[in-house]
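Grab your viewer and work through these exercises, each with its solution spelled out step by step.

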Amino acid sequence: MSLLSPRLRIALTPGRVAVAAGRGYREATVAAPGWAGALEALAGLLAGAGLNGRAGVTLSHHFAPVHLLTAPPVALKPAEMQGWILDTLVRQFGEAGRDWRVTWQAEPPGAPFLASSLEPARLAELEGVLRAASLKPVDVQPWLAVAWNRQRRRLGRGRAWFALAEPDRLTLAGLEAGRVKSLRSVRTQGDAVAALTDLLTREALLADESTPAPVWVESVLPPLNWQGAGGGRSVHPLASGREALSAMLDD
């Protein structure tokens with residue numbers, strides 16, 4: 001871990017929040033599920049904890065939508081890249097996206113890359129909660145970016161699928177040659193295993209998949225048997241080492 005790495009790691013979802021500092025780890029249930037409730041629960045976890053310094057925050061895809069964008073053909077400076085991403089999102093989602101706060105995963109020029117968007121009001125509210133606890137957010141990312149950086153080597157360079165499961169949402173990335181080639185994030189209801197089976201089937205058809213590629217699953221849901229989602233492909237649940245939201249924390 002770099003000396004500049006955040007000493008505190010935070011995960012926010014609509015229903016639960018988690019805080020990890022060193023070996024310490026705490027979770028809380030959100031009383032009123034949603035963004036405001038998650039911030040209230042986070043404030044409760046931080047109150048009186050005596051923490052200070054830098055904090056890294058991982059956000060549910062309910063709060064920070066993820067996008068797969070085709071990169072510009074030449075390398076851009078960070079400010080130029082931010083403007084290019086915003087222009088791209090405005091074309092897709094309208095002028096409402098002009099004020100979004102964006103983060104992105106650096107990739108070689110011309111390669112597809114992951115980006116995420118966050119409403120500026122939400123970022124300001126998050127910063128306010130952290131500031132009240134003497135913390136500074138230095139890294140605010142969607143779960144997919146954190147998980148991708150942590151698991152990239154394990155996933156290899158062959159064709160594969162990488163699924164992230166949280167309550168009422170699935171995010172599925174299609175991988176090839178060590179890079180994300182397709183991305184779908186959808187709201188779900190009911191059986192998460194069945195929902196992943198359906199999503200894999202649709203995405204495999206769109207990708208014209210001839211041989212079923214393996215699927216890797218990272219989940220913050222209660223323990224499930226993901227083997228039923230394979231549809232003839234090998235399924236590899238990723239152990240997080242702790243229960244529940246710790247899968248979202250970059251440790």
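**Exercise 1.** Find which backbone oxygen lies 3.0 Å from a polar atom of the side chain of His62, and place His62 in the fold.

Solution. 
- Step 1: His62 sits in the loop between strand 4 and strand 5; helices (H or I, at least four residues) and strands (E, at least two) are DSSP runs, numbered from the N terminus.
- Step 2: The oxygen belongs to Pro167, and 3.0 Å separates it from a polar atom of the His62 side chain. A polar contact is a pair of N or O atoms within 3.5 Å; within protein, one must be able to donate a hydrogen and the other to accept it, and residues adjacent in sequence count only if both atoms are side-chain atoms.
- Step 3: Not counting residues up to four places away in sequence, His62 touches Pro14, Arg122, Glu166, Pro167, Asp168, Arg169 and Arg187, where contact means heavy atoms within 4.5 Å.

Before going on, a note on ground rules: this is a predicted model, where local features need pLDDT of at least 70, side-chain atom pairs count only at pLDDT 80 or more, and totals for chains, interfaces and linings use all residues. Residues are numbered from 1 along each chain as its sequence is written, and side-chain values use heavy atoms, with hydrogens and water left out.

**Exercise 2.** Decide whether Ser60 is buried or exposed, and name the side chain that Ser60 contacts through polar atoms.

Solution. 
- Step 1: Locate Ser60 in the loop between strand 4 (53-59) and strand 5 (66-69).
- Step 2: Its relative accessible area is 0%, so Ser60 is buried. The cut-offs are under 20% relative accessible area for buried, over 50% for exposed, and partly exposed in between (1.4 Å probe, protein chains only).
- Step 3: The partner is Glu166, whose side chain makes a polar contact of 2.6 Å with the Ser60 side chain.
- Step 4: Leaving out residues up to four places away in sequence, the residues touching Ser60 are Leu12, Thr13, Pro14, Glu166 and Met248.

**Exercise 3.** Describe the surroundings of Phe162.

Solution. 
- Step 1: Phe162 belongs to strand 9 (residues 160-166).
- Step 2: Phe162 counts as buried because its relative accessibility is 0%.
- Step 3: Apart from residues up to four places away in sequence, Phe162 touches several others, including Leu144, Trp148, Leu155, Leu172, Trp216 and Leu238.
- Step 4: Check a distance too: Val146 is 16 residues from Phe162 along the chain, with 13 Å between the C-alpha atoms.

**Exercise 4.** Work out where Ser134 and Asp168 sit, and what phi each one has.

Solution. 
- Step 1: Ser134 is in the loop between helix 3 (120-132) and strand 8 (135-142), while Asp168 is in the loop between strand 9 and strand 10 (169-176).
- Step 2: Phi is near 60° for Ser134, a positive value in a residue other than glycine. For Asp168, also not a glycine, phi is positive and near 65°.
- Step 3: Ser134 has a relative accessible area of 48%, so it is partly exposed; Asp168, with 42%, is partly exposed.
- Step 4: Beyond its neighbours within four places in sequence, Ser134 contacts Leu51, Asn52 and Gly53.
- Step 5: Val215 lies 81 residues from Ser134 in sequence and 41 Å away in space, C-alpha to C-alpha.

**Exercise 5.** Characterise Leu86 in helix 2.

Solution. 
- Step 1: Helix 2 covers residues 78-93.
- Step 2: A relative accessible area of 11% is why Leu86 is buried.
- Step 3: Leu86 touches Gly97, Arg98, Trp100 and Val102, not counting residues up to four places away in sequence.
- Step 4: Ser117 is 31 residues from Leu86 along the chain, and their C-alpha atoms are 9.1 Å apart.

**Exercise 6.** Now zoom out: how many helices and strands are there in the protein, and what share of the residues is buried?

Solution. 
- Step 1: Count five helices and 13 strands.
- Step 2: Buried residues account for 47% of the 251.
- Step 3: Among contacts between residues at least 6 apart in sequence, 61% join residues at least 24 apart.
- Step 4: The C-alpha trace spans about 55 × 45 × 35 Å along its principal axes.
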